[in-house]
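Here is a short tour of a two-chain model, written for someone who likes to check geometry as they read. Have the viewer open and follow along.

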Amino acid sequence: MTDARDALAASYRNEARRVLATLIRLLGSFEAAEEAVHEAFVAAAEQWPREGVPDNPFAWLVSAGRFKTIDRFRRQARLANVLPEFAARAAAEEPAMLPESIEDDELRLIFTCCHPTLAPDARIALTLREVGGLTTEEIARAYLVSAPTIAQRIVRAKAKIRDDQLPYEVPTRAQLPARLESALSVVYLIFNEGYAASRGPALTRDDLCEGALRLGRLIVQLLDEPEAIGLLALMSFHAARRSTRVDAAGDLVLLEDQDRSRWDGALIGEGQALVERALKKRSVGPYLLQAAIVAVHMEAASYAETDWTRIATLYDVLKRVDPSPVVALNRAVALGMRDGPIAGLTAIEALLAEGALADYHLAHAARADLQRRLGLSDAARASYERALELAQQPAERRFLETRLARLDR
Amino acid sequence: MRYACLVYFDPKVVFNQSAESEAVLGDGFAYLEELRAKGVLVTDGALQLPDQTMTLRVRDGKMSATDGPYLETKEILGGFLVIEARDLNEAVRVASGIPLAKLGTVEVRPFVDFSKPRPTL
C-alpha cells in the first residue's frame, strides 16, 4: 500500500529525530534508543500497511520503540546480565507525552550532542547525524574525510557520553549561556565550513549551509534566546549572498562587487525580522551584534550607500563584547570606510604591531587594499605578497594574485 | 548446501589498469550472469577497499572500534553476513549485536557503489 509507505518515509524524515530524542529520555541511552527507533520503524513497516497510518505517528513510534525494548530486556533477563536500571526505566509507567516534554527532549538531544566535554569534531559529527539526520557518508563527503573517520568520531562521542555519564538534561538557567554558546558554535562551525570551505576546490558547500540553517531554526524554535536568534539571522544573511560570493570561474567576488539583485530577498527579510526580534530582548551578544552589522550591509542598495557610521558604531560595541583580533580588524576596515583610508591604515598597522594578526592573511590583504587606495604601491605589493604567503584557499589565492597583478598595471 | 566463496586479492594487481586485469574484471561480471542463469548464485558482493572499513570488538559489554581494516592474523575469516543499514554507524550498531563479536572481531565493509568512479591507486 503506497499510502502507508509514503507515510512511513515522511515519518522517518520528520519524526525520526524526535522519536530518538524522546526514547533517549525514556531509555537513558543512545544505543538503546537507536535500536528502539530501528525496531519501531520496522514494526511500522509491518503494521501500517495492514492497520492504516495512526493518527499520531510520533506517539505510535515511541510506544512501539518502548515496548520492543521492554520485550528484548525481558528476553535477555532470562539469559542474565541485563543492566537493571534500563529495564526499570523502560518498564516504568507510561510517561506523559506533553508537547513541552517532547520539545525538551529535542533540546536535551541538542545540548548532549554539543556538550563542551566532547571534542569539537565529535560534537559536529554527532550533531549532524543525530540532530541533523545526515548519514555518516553524507557527513564524510561534506568534510572531505572518509566515512570511517566520521563513524569513529561518533562511536567515540557516544562512548564518552556513556562512560562519563554525561546527563541527558536541558541546562539550568545558570548553565544556559555557556552551554548555548557551545551548541551555537557547533552550528556556526558547520555553517562556516559550508560557506567558506577550508579545503577542497569549491568555495562553498551548500549541503552544510542548509544543514546549519535547519539546526539554527530548530534551536530558535525550541529556545527563544537572543544569541540563538542572532546566529540564525547572521547565517541567513550570509546564505542570502551565497550565490554571488563566487563568480562562474570560481573566483571570489567581494561584497562591494556582488550583484545585489541576486541576493535572496526572502532570506534577508527573515534575517532582518530576527534581528529586530532579538534586539527587543535587551541582551546583546556577539552573534546578534554581527548580525546587526551585516543587516546594515543588507539594507544598502549598493556598497556606496552603506551606512558605515552605523557599522563602525556597532563594531565599537562588538569589540567590547568580543575583543578578538578578527573583530578588531573588521572594525579597523569599517573605520577606514567611515573616516578615510589613513584612519583605517593607522588602525590596521596598530593591530599588526600588536602581533595577534601577524599570520592572518586577511589582515595583510586589508592593509594592502588601504595602501593601494593611498597610492602606496610598493607597500601594497609587499602586503599582498605577505597575504599570499599565508593564504591557503585556492579561490582566495587567485583573488590576491589578481589584486597584486593589478598594481603593476 | 551453501558455501561462502570469499575472494581475496591484492588490489594493486587487480586495479593496475593492465589489459589482463581489466579483462579479468570484465569476465567476472559475465561469469556472475552465467551462474545466475543456472540458478547457482545465491548472493554476491564486491567489497570496497579496506581504507573504507571499520573494525569493532565487544568486550565486557563495551564496544570499541577503529577506523581501518582488521589486521590480526590468528583469527581467520569464519563467516559473513550481508546486512541492510542506513549508514556506516547504523551498520556498526547492528554488527556490534552479533554474538561472535564478543569472542572475535567483526569487519564492517560497505559494498561497492558501481555508479561511482573506481578508486585510483
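Predicted model: local features only at pLDDT ≥ 70, side-chain atom pairs only at ≥ 80, totals over all residues.

## Two helices at an angle

In chain A, helix α13 (residues 265–279) packs against helix α14 (residues 286–299) at an angle of about 135°, and their axes are 10 Å apart. α13(A) and α14(A) are therefore oblique to each other. The crossing of this pair, α13(A) with α14(A), is left-handed.

Which residues meet where α13(A) and α14(A) touch? From α13(A) come A:Ile268, A:Gly271, A:Gln272, A:Val275 and A:Ala278, and they meet A:Leu288, A:Ala291, A:Ala292, A:Ala295 and A:Met298 of α14(A). Sorted by class, the contact of α13(A) with α14(A) has eight nonpolar residues, two polar and no charged.

The crossing of α18(A) and α19(A) is left-handed.

On the α18(A) side, the contact is made by A:His361, A:His364, A:Ala365, A:Arg367, A:Ala368, A:Gln371 and A:Arg372. Their counterparts in α19(A) are A:Ala379, A:Ala380, A:Ser383, A:Tyr384, A:Arg386, A:Ala387 and A:Leu390. The contact of α18(A) with α19(A) divides into seven nonpolar, four polar and three charged residues.

## Chain A as a whole

How many helices and strands does chain A have? There are 20 helices and zero strands in chain A. Its C-alpha trace spans about 85 × 45 × 40 Å along the principal axes.

Of the 409 residues in chain A, 40% are buried. Contacts can also be sorted by separation along the sequence: among those in chain A between residues at least 6 apart, 60% join residues at least 24 apart.

## The sheet in chain B

Chain B holds an open sheet of three strands, in the order β2-β1-β3, with antiparallel pairing. Its edge strands are β2 (62–67) and β3 (106–108) of chain B, each of which pairs on one side only. From one strand to the next, the twist averages 25°.

As background, the strands of a sheet pair through backbone hydrogen bonds, in either a parallel or an antiparallel way. In chain B, strand β1 (residues 54–59) and β3(B) pair in the antiparallel sense over three bridges.

## Where the chains meet

Which helix of chain A lies across β1 and β2 of chain B? That helix is α8 (residues 147–163) of chain A, and α8(A) runs at about 155° to β2(B).

The contact between the chains takes 13 residues from chain A and 13 residues from chain B. On the side of chain A that touches chain B, the elements giving two or more residues are α7 (136–143) and α8 of chain A. The largest share of that side, seven residues, comes from α8(A). By class, the residues on the side of chain A that touches chain B are five nonpolar, five polar and three charged.

Definitions and conventions. Residues numbered from 1 in each chain as written. Chains lettered and ligands numbered in written order. Pairing = 2+ DSSP bridges. Helix = DSSP H or I, 4+ residues; strand = E, 2+ residues; numbered from the N terminus. Axes fitted to C-alpha atoms, helices over the stretch in contact; angles between N-to-C directions. Contact = placed C-beta atoms within 7 Å. Nonpolar A, V, L, I, M, F, W, Y, C, P; charged D, E, K, R; others polar. Parallel < 35°, antiparallel > 145°, perpendicular 65-115°, else oblique. Left-handed = near helix turned anticlockwise from the far one by under 90°. Buried ≥ 20, exposed ≤ 12 C-beta atoms within 10 Å, placed from the backbone.
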